[in-house]
2 protein chains.
Amino acid sequence: VTDVFVTGVGMTHFAKLEGASEAALVQEAVALAIEDAAVEPESIDAVFLGNVFGAGGLGQIVMAASPLAGKPITNVENACASSSSAMLEGIAWIKAGFARRVLVIGVEVLTGRFGGLLPIAAADPYSRQGMTLPALYALKARDHMEKYGTTPEQFAAVAVKNRRHGTLNPNARFQTTTTVEEVLASRLIADPITMLQCCPNSDGAAAAVLVAEDLVTDSRAVRVAGSALGSGKRRAEIGWDEATLRDTARQAYGRAGVTAADVNLAEVHDAFAPGELFAYERLGFSEPGKGGPDVESGRFTLGGSGPTVNSSGGLIARGHPLGATGIAQVHEIVTQLRGEAGDRQVAGAQVGVAVTMGGSVPQLETNACAVHVLTTR
Amino acid sequence: VTDVFVTGVGMTHFAKLEGASEAALVQEAVALAIEDAAVEPESIDAVFLGNVFGAGGLGQIVMAASPLAGKPITNVENACASSSSAMLEGIAWIKAGFARRVLVIGVEVLTGRFGGLLPIAAADPYSRQGMTLPALYALKARDHMEKYGTTPEQFAAVAVKNRRHGTLNPNARFQTTTTVEEVLASRLIADPITMLQCCPNSDGAAAAVLVAEDLVTDSRAVRVAGSALGSGKRRAEIGWDEATLRDTARQAYGRAGVTAADVNLAEVHDAFAPGELFAYERLGFSEPGKGGPDVESGRFTLGGSGPTVNSSGGLIARGHPLGATGIAQVHEIVTQLRGEAGDRQVAGAQVGVAVTMGGSVPQLETNACAVHVLTTR
């Protein structure tokens, strides 16, 4: 069974893109990824597309005018983890011998849908009664505050860090810094979460070219060292424990042969700032309960004692076009491991982790959790 | 890289099931498949669910109350080929070493949606102008009639055969026979296609347990000998050629090490009767242009000189709950290869082929084409 490598990545600017179509966004991201991989489109054996709210058969629709029409195309939907899950399928096809070179795409046109409001509130009785995603994160945040003394300022520090990182990433939606005071003074969404601790809905696409090891020709290729997927464990059994993230990360670390201490950088799912703080602890970057002091100390900021978390700006600054986020995280890790991240380069980056948490199912901790551990070749 | 086997299958009755939920249908089909495979649910490593029109995160939602909550769950959407495509992912995960035992599910609650009318007509400008799926099949049928002298009676013979087969399958929606005269006298949908040559929208679910070879313990296991997926080639280039089906089948035959002459039975995509007739020729069962005379002669009927096509009744008699159809086809092939098909048993069945064609993309021949070749162990 072959190892798998990322040889090309590409993404659009993430933003509110009036009138953008999935086809146009995909075309832009795919052209960049294919150019970066220096391959002919015809040499790609299969396509996997992650998307949440687009039309049925979206992968076939957006590829209809490309040289890849006719190749195997598979649409994957795992909420916010859609393109991370699509990447797992691409990896599996290469390892299974079904393909030697695959294209994985994430795309979402979100800001023009639903009058800007996600339809989740209408989807189930829990949401209709107020148990929306920010409310869920807020309850977990209050639990963390009561157990460990975590403060609102510490959650706010996540947003401050990520907005600062975002100013160094030209693809990020937000290009300005903010302060703890500004974050805490912004509109209260679900106590303790304020507006500036929420990721902005965005439009965008990202793409990656994955190949079998024998097709790797240069030192810029990044190894997919270990990947894992979990769906949410039952909340009735695990409470607010974030056990899904912990166990899925452990599985991916194990497959990659790394430990948390080896990780130099991570892209994690800061859809709401507390989510990132929980991730420090579940990924093994902080002792249980110490995520708050650690982020406040600057440990996870560029140049901190590391690992650097969300050097791209994360969902909070880069924006969150649901289906595109997973591959955008991979885009950042690949760029960093290649040493091509410019002003936001993490020094000596050799091991990076991308973690996507997919939305909400009332009884479950999350819809899906996908973890990819990438390493220098 | 291990071979993959089907060790359990289960399905619901396909019908208009008032008030049925995806969760209840899945629960029924999965319980049957797991019982058939004689495994504990906890021993399953991953779940793949194919569905077209259900809610986002459907796999996680329908598994939330099951012992499989927490396992990796991936939702796949490739129009009518959704669960056939999901099966490819399950196979790939086993071959890749990501899982040793997977559950593949197809489900659709269709009859209660859209007032019974599929929304495809609103989806694109071609459909809005009348280029709907039956119209596309009708144009292909007219082309075949002009080229080869195929007659309306020959297309009708497909429906007559499949309705007859359906009376032998307790899971089929239609349980009565029909005649060529009745088929031709039924309402004209798109000349030459009449109502009784169209599959009925239906609700239902089907499931299969797939395992790595070293987990096979008994002779009822069926080998997944070769699988392939293609998206539709560009219609501007191939015209009405059905090249996607031909080339995808060739790839699957090649992987399985079989030829058309080895095939004892096939489940093919008779969403509209002409589709099955084209399949005879593209799968290598009939010489080009000879599909009409061959079906009229009874060659593909149970007890004919074979291969037997759609012994289950096919989409026309079994019904077509989009996402569930692919695994229902696999259910039939597995049942036949085990020699457990009762009154509809194909004598000496050793090699079976399941073919699903997924819906329509205006510029493409089809959305997706999935082919699985199954053989006795």
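Tutor: The lining of the second largest pocket divides into 12 nonpolar, 3 polar and no charged residues. By the classes used, Ala, Val, Leu, Ile, Met, Phe, Trp, Tyr, Cys and Pro are nonpolar, Asp, Glu, Lys and Arg are charged, and the others, Gly among them, are polar. This is a predicted model, where local features need pLDDT of at least 70 and side-chain atom pairs pLDDT 80 or more, while totals for chains, interfaces and linings use all residues. Residues are numbered from 1 along each chain as its sequence is written, chains are lettered from A and ligands numbered from 1 in the order in which they are written, and side-chain values use heavy atoms, without hydrogens and water.

Student: Which residues line the second largest pocket closest to its centre?

Tutor: The pocket holds about 270 Å³ of space. Of its 15 lining residues, B:Gln27, B:Val62, B:Met63, B:Ser66 and B:Pro67 are the closest to the centre. Helix H1 (22-37) and H2 of chain B each give at least two residues to this lining, and H1(B) has the largest share, with 5 residues.

Student: What makes a space a cavity and not a pocket?

Tutor: On a 1 Å grid over the protein atoms alone, a 1.4 Å probe fits in a cavity but cannot get out, whereas a pocket is open, with protein on both sides within 12 Å along at least five of seven lines; lining residues have an atom within 4 Å of a point. Grid points join across faces, edges and corners, and the volume is the space filled by probe spheres set on them. This rule gives 1 cavity of 30 Å³ or more, and the largest cavity contains about 50 Å³. Its lining consists of A:Tyr137, A:Lys140, A:Glu242, A:Leu245, A:His269, A:Gly275, A:Ala279, A:Val355 and A:Met357. Two or more of these come from each of helix H6 (133-148), helix H11 (273-282) and strand E11 (351-358) of chain A; helices (H or I, at least four residues) and strands (E, at least two) are DSSP runs numbered from the N terminus. The class count is 5 nonpolar, 2 polar and 2 charged.

Student: Why is A:Glu340 said to form a salt bridge with A:Arg220?

Tutor: The closest N and O atoms of A:Glu340 and A:Arg220 are 2.7 Å apart. A salt bridge needs a side-chain nitrogen of Lys or Arg within 4 Å of a carboxyl oxygen of Asp or Glu, so this pair qualifies. A:Glu340 sits in the loop between helix H14 (322-337) and E11, and A:Arg220 in the loop between strand E7 (204-212) and strand E8 (222-231), 120 residues apart. Over all chains, 42 salt bridges are found.

Student: How many salt bridges are there between chain B and chain A?

Tutor: The count is 0. About 3200 Å² is buried, 56% of it on carbon and sulfur atoms; buried area is the accessible area (1.4 Å probe) lost on putting two parts together, summed over both.

Student: What makes A:Ala79 stand out?

Tutor: Most residues other than glycine have a negative phi, and most peptide bonds are trans. A:Ala79 has a positive phi of about 50°. The peptide bond from A:Asp191 to A:Pro192 is cis, with omega near 10°, and the bond from B:Gly306 to B:Pro307 is cis, with omega near 0°.
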